[in-house]
Amino acid sequence: MKIKIAYPPNIDQIDRKFHVKGRAVIFAYGFTIYNPMDVAIESKLIEHEEVHGARQRNSGDVAEWWDLYIRSSRFRLVEEIVAHQAEYHYMLAQAANRYERRSALNITAKRLAAPLYGRLITVKEAKKVLKK
């Protein structure tokens, strides 16, 4: 995926729901990762966003995928679980020991349970689904 220092085409729709303008948030939109604040993007987050991009492209219509993501908390949770699992597995592959593996699970579960996505899951539940 290419990285573009800009907002995605549907930023107004995203911002109405998630209030993200001016925050260091990145977005996948088709074949592009939008990075409007030009923040350093860790490899684990590129893995995460690549999952979103692939699922958007496979859905047949990226704009419709985003509409559903914004409207449906159930759809959003499923999409975030899949992307966070990819992120977590990337971190596991980099982990040198049990402490780093446990840390990867905690970090990823907290991100999945964060307010950004609407607190759709608890940290405890997130840990369970990430390990699947």
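Modeller: A residue is called buried when its relative accessible area is under 20%, exposed when it is over 50%, and partly exposed in between, using a 1.4 Å probe and protein chains only. The model is predicted, so local features need pLDDT of at least 70 and side-chain atom pairs count only at pLDDT 80 or more, while totals for chains, interfaces and linings use all residues. Residues are numbered from 1 along each chain as its sequence is written, and side-chain values use heavy atoms, with hydrogens and water left out.

By the definition of burial, both W65 and Y69 are buried. The two residues lie in helix α3, residues 62-71, and stand four residues apart, about one turn of the helix. Here a helix is a DSSP run of H or I with at least four residues, a strand is a run of E with at least two, and both are numbered from the N terminus.

A pair of aromatic rings is described by the distance of the centres and the angle of the planes. Rings of Phe, Tyr and Trp (for Trp, the six-membered ring) pair if their centres lie within 6.5 Å; planes under 30 degrees apart are stacked, those over 60 are edge-to-face, and the rest are tilted. This rule gives five aromatic pairs. One of them joins W65 and Y69, which are stacked at 5.1 Å centre to centre with 20° between the planes. Y69 also pairs with W66, this time edge-to-face, with 5.2 Å between the centres and 65° between the planes. W66 and Y69 are separated by about one helical turn because they are three residues apart in helix α3. W66 is buried, as is Y69.

A charge sits over a ring if NZ of Lys or CZ of Arg is within 6 Å of the ring centre and within 35 degrees of the ring normal. R76 lies over the face of Y69, 5.9 Å from the ring centre. Elsewhere, R57 lies over the face of F31, at 4.1 Å from the centre of that ring.

H19 lies in the loop between α1 (11-18) and β2 (27-29). H19 has a positive phi of about 50°, although it is not a glycine. H19 counts as exposed because its relative accessibility is 56%.
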